[in-house]
Amino acid sequence: MHPLCEMCLKEGKSTLVEEIHHILPLSEGGNHEENNLMSLCKSCHEKIHRDRGDR
Ligand SMILES: [Zn+2]
Ligand SMILES: [Zn+2]
């Protein structure tokens, strides 16, 4: 697993991973395989869910 936030890395920032995001939520049939997981910092994780319309 990546030690740094994947979304911050794309912007050239190095932020330590604080949360693990499930690309396909467990409630929608997602699993714990590495290709369904993203390592994110808290603010990127919140942004992803806002963009999804989760909250
Ligand atoms: Zn981030
Ligand atoms: Zn998430």
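Mentor: Before we start, helices (H or I, at least four residues) and strands (E, at least two) are DSSP runs, numbered from the N terminus. This is a predicted model, where local features need pLDDT of at least 70, side-chain atom pairs count only at pLDDT 80 or more, and totals for chains, interfaces and linings use all residues. Residues are numbered from 1 along each chain as its sequence is written, chains are lettered from A and ligands numbered from 1 in the order in which they are written, and side-chain values use heavy atoms, with hydrogens and water left out.

Trainee: Fine. Where is E28, then?

Mentor: E28 sits in the loop between strand 1 (19-22) and strand 2.

Trainee: What does the side chain of E28 join up with?

Mentor: The side chain of R52, through a polar contact of 3.4 Å. A polar contact is a pair of N or O atoms within 3.5 Å; within protein, one must be able to donate a hydrogen and the other to accept it, and residues adjacent in sequence count only if both atoms are side-chain atoms.

Trainee: Metals next. Which residues coordinate the zinc ion (ligand 1)?

Mentor: C5, C8, C41 and C44, each through SG, at 2.3 to 2.4 Å. Donors are N, O and S atoms within 2.8 Å of the metal (3.2 Å for Na, K and Ca); water is not among the atoms, so sites may look incomplete. The sequence spacing of these donor residues is C-x2-C-x32-C-x2-C.

Trainee: What geometry does the site of the zinc ion (ligand 1) have?

Mentor: Tetrahedral, with angles of 105 to 117 degrees among its four donor atoms. For four donors, that label requires all angles to lie between 85 and 135 degrees.

Trainee: With those cysteines around, how many disulfides are there?

Mentor: The count is zero disulfides, a disulfide being a pair of cysteine sulfur atoms within 2.5 Å.

Trainee: Why does C5 count as buried?

Mentor: Because C5 has 0% relative accessibility. C8 is buried at 3%, and C44 is buried at 9%.

Trainee: Which residues make up the largest nonpolar core?

Mentor: Eight residues: C5, M7, C8, M38, L40, C41, C44 and I48. Helix 1 (6-10), strand 2 (37-40) and helix 2 each give two or more residues to this core. A nonpolar core is a set of buried Ala, Val, Leu, Ile, Met, Phe, Trp, Tyr and Cys residues joined through side-chain atoms within 4.5 Å.

Trainee: And the zinc ion (ligand 2), what are its protein donors?

Mentor: H21 (ND1), H45 (NE2) and H49 (NE2), at 2.0 to 2.1 Å. Their spacing in sequence is H-x23-H-x3-H. H45 and H49 are both in helix 2 (residues 42-52), four residues apart, about one turn of the helix, while H21 is in strand 1.

Trainee: Are those histidines buried or exposed?

Mentor: H45 and H49 are buried, and H21 is buried too, at 4% relative accessibility.

Trainee: Last one: what does the side chain of N36 reach?

Mentor: The backbone oxygen of N31, at 2.8 Å. N36 lies in the loop between strand 1 and strand 2, and N36 is buried at 8% relative accessibility.

Methods:
Buried means under 20% relative accessible area, exposed over 50%, partly exposed in between (1.4 Å probe, protein chains only). Four donors count as tetrahedral if all angles lie between 85 and 135 degrees; four count as square planar and six as octahedral if opposite donors are over 155 degrees apart and all others between 65 and 115; anything else is irregular.
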